[in-house]
Amino acid sequence: MATVPDDSFAEKDIYAAYHTAKVLAHRATQDFLRTRKPHFTITNIMPSFVVGKHELLKTPEDIISPRTTNSVALAPIFGEGLPFPFPGGTVHVDDVANVHIAALGPQTDGNEDFILTAGGIDGIQWNDAKEIVRRRFPAAVEKGLLPCRGSTATRAMKVDGGKAERVFGFKYKDFEEQIVSVMEQYLAAVERSNPCDWV
């Protein structure tokens, strides 16, 4: 079971606070199931960093803002440095949505946990986003819309998200599909807001 930092550490570090909240929520769920023995089941869906088109964001500034986990994936592209290595696990937003729906079906016995992360046991490398963007969007790179000058160190994490694929019968969209999804949304927003950039 994951360890929980003490409260003083969590108060000083937003990432520790976030981690602590997730661990405590999972523990509370397990305690509830054990002590209350409800007539229903609970399925915990635990995604890694969620990457992909964000339907609610419309402007280029919003799409690359730090308000979503897309910002971690986009940091190598837009030249932002992140303060420390990030765990190398991502999942496409479409896969997260589809598993939430599938988990309501008969494939599970309930009271199960599903970690959602693409890329197999070795995960992804954040800086691979630059190579993907250079290959898939060369014109935008050449025009300087996608500078690809940042760097995000990856912290290796050995996490297997394959259980969800096996139980629900799907294959994760890979890191390239995740990055392309966000870049297509971003470039469409740039075109809407600054059509001259595309002349």
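## Burial and overall build

Of the 199 residues of the chain, 38% count as buried, a value that, like the others in this report, is computed from a predicted model. The chain holds 9 helices and 6 strands, and its C-alpha trace spans about 65 × 40 × 30 Å along the principal axes. When contacts between residues at least 6 apart in sequence are considered, 78% of them join residues that are at least 24 apart.

## Nonpolar cores

The largest nonpolar core has 29 residues, and those with the most contacts inside it are Ile77, Trp126, Leu146, Ile179, Met183 and Tyr186. Two or more residues of this core are given by each of β2, α4, α6 (128–136) and α9 (175–193), with α9 giving the most, at 9 residues. Another core, of 12 residues, lies apart from the largest one and includes Val91, Leu116, Ala164 and Tyr172. In soluble globular proteins, nonpolar side chains tend to be buried together.

## The largest pocket

The largest pocket has a volume of about 1700 Å³ and is lined by 44 residues, of which Tyr18, Lys22, Pro47, Ser48 and Phe49 lie nearest its centre. By class, this lining comprises 30 nonpolar, 9 polar and 5 charged residues.

The largest share comes from α2, which provides 11 residues.

## Gly89 and its surroundings

Gly89 lies in the loop between β3 (86–87) and β4 (90–92), and it counts as buried because its relative accessible area is 1%, below the 20% limit. Setting aside residues up to four places away in sequence, Gly89 touches Ser48, Phe49, Thr117, Ile124, Trp126 and Met157. Two of these partners, Ser48 and Phe49, are among the residues that lie nearest the centre of the largest pocket, while Trp126 is one of the residues with the most contacts inside the largest nonpolar core. Gly89 and Ser48 are 41 residues apart in sequence, yet their C-alpha atoms are 5.5 Å apart in space.

## Helix α5 and its buried face

In helix α5 (residues 93–102), the residues Asp95, Val96 and Val99 are buried. Seen down the axis of α5, these buried residues fall within an arc of 100°, and they therefore line one face of the helix. The elements that cover the buried residues of α5 include the strands β1, β2, β4 and β5 (112–116), together with the helix α8 (162–168).

The C-alpha atoms of Gln178 and Thr90 are separated by 8.5 Å, although the two residues are 88 apart along the chain. With a relative accessible area of 0%, Gln178 is buried.

Ser71 lies in helix α4 and has a relative accessible area of 17%; since the limit for burial is 20%, Ser71 also counts as buried. Leaving aside neighbours within four places in sequence, Ser71 is in contact with Ile64, Ser65 and Pro66.

## Two residues with positive phi

Asn111 has a positive phi of about 55° although it is not a glycine, and Cys148, likewise not a glycine, has a positive phi of about 55°. Asn111 is found in the loop between α5 and β5, whereas Cys148 is found in the loop between α7 (138–142) and β6 (154–155).

Cys148, by contrast, counts as buried, at 4% relative accessibility.

Terms used. Residues numbered from 1 in each chain as written. Predicted model: local features only at pLDDT ≥ 70, side-chain atom pairs only at ≥ 80, totals over all residues. Heavy atoms only, no water. Helix = DSSP H or I, 4+ residues; strand = E, 2+ residues; numbered from the N terminus. Buried < 20%, exposed > 50% of the residue type's maximum accessible area, 1.4 Å probe, protein only. Contact = heavy atoms within 4.5 Å. 1 Å grid on protein atoms, 1.4 Å probe; cavity = no way out; pocket = protein on both sides within 12 Å on 5 of 7 lines; lining within 4 Å. Points joined across faces, edges and corners; volume = space filled by probe spheres on them. Nonpolar A, V, L, I, M, F, W, Y, C, P; charged D, E, K, R; others polar. Arc of directions from axis to C-beta. Core = buried A, V, L, I, M, F, W, Y, C linked by side-chain atoms within 4.5 Å.
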